[in-house]
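Student: Please take one part of this predicted model and go through it closely. I would like to see how that part sits against the rest.

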Amino acid sequence: MSTQKLWPLHILIVAGLILIFIGHTMLTSDWLNDLGPSGFIIGASCVALGLICSLPTKIYLTILLMRREHRD
């Protein structure tokens, strides 16, 4: 696989990390605490979506390790 075929995977990984960061920032901010339980649901859903989006990192690293083993 070339890196040209993996660019959607890279975008998904970066988007996941950004969502995790935004969700964490939202959960620690004061204005989200003013919303009550719905504010925590919003922040937690951002973190959850970020974790789901960053799951392809494991797939990508597994592909790279398999290539490395195949060369050896």
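Tutor: The buried residues of α1 are Leu9, Ile13, Gly16, Gly23 and Met26. Because these cover an arc of only 155 degrees around the axis, they lie on the same side of α1. An α-helix has 3.6 residues a turn, so residues three or four places apart point the same way. As for its length, α1 has 22 residues and reaches 32 Å from first C-alpha to last, close to the 32 Å expected at 1.5 Å a residue. The cover over the buried residues of α1 includes α2, α3 and α4.

Gly16 belongs to α1, and its relative accessible area of 0% makes it buried. Apart from its neighbours within four places in sequence, Gly16 is in contact with Gly50, Cys53 and Ser54. The C-alpha atoms of Gly16 and Gly50 are separated by 3.9 Å, although the two residues are 34 residues apart along the chain.

The buried residues of α3 are Gly39, Gly43, Cys46, Gly50 and Cys53. Seen down the axis of α3, they fall within an arc of 95 degrees, so they line one face of the helix. Pro37, Ile41 and Ile52 are exposed on the other side of α3. The buried residues of α3 pack against α1 (7-28), α2 (30-33) and α4 (56-71). Helix α3 takes in residues 37-53, and at 1.5 Å a residue its 17 residues should span 24 Å; the end C-alpha atoms are 24 Å apart, which agrees.

Two of the buried residues of α3 are cysteines, Cys46 and Cys53. Cys46 counts as buried because its relative accessibility is 15%, and Cys53 counts as buried because its relative accessibility is 18%. A disulfide is a covalent bond between the sulfur atoms of two cysteines. The test used here asks for sulfur atoms within 2.5 Å. The cysteine sulfur closest to that of Cys46 is in Cys53, 11 Å away, which is too far for a bond. The count comes to 0 disulfides.

Now the setting of these helices. The chain has 4 helices and 0 strands, in the pattern α-α-α-α along the sequence. The radius of gyration is 17 Å, well over the 11 Å that the globule rule gives for 72 residues, so the chain is more spread out than a compact globule. Its C-alpha trace spans about 55 × 20 × 15 Å along the principal axes. Of the 72 residues, 24% count as buried. Among contacts in the chain with a separation of 6 or more, 62% come from residues 24 or more positions apart; the pair Gly16 and Gly50, 34 residues apart along the chain, was described above.

Last, the confidence of the prediction. The mean pLDDT of the chain is 84, and 93% of its residues reach 70 or more. Confidence is highest in α3, at a mean of 91, and lowest in α2, at 76.

Methods:
Residues are numbered from 1 along each chain as its sequence is written. This is a predicted model: local features need pLDDT of at least 70, side-chain atom pairs count only at pLDDT 80 or more; totals for chains, interfaces and linings use all residues. Side-chain values use heavy atoms; hydrogens and water are left out. The expected span of a helix is 1.5 Å times one less than its number of residues. Buried means under 20% relative accessible area, exposed over 50%, partly exposed in between (1.4 Å probe, protein chains only). The arc is that of the directions from the helix axis to the C-beta atoms. Contact means heavy atoms within 4.5 Å. pLDDT is the predictor's confidence in each residue, from 0 to 100. The radius of gyration is taken over C-alpha atoms; the globule rule is 2.2 Å times the number of residues to the power 0.38.
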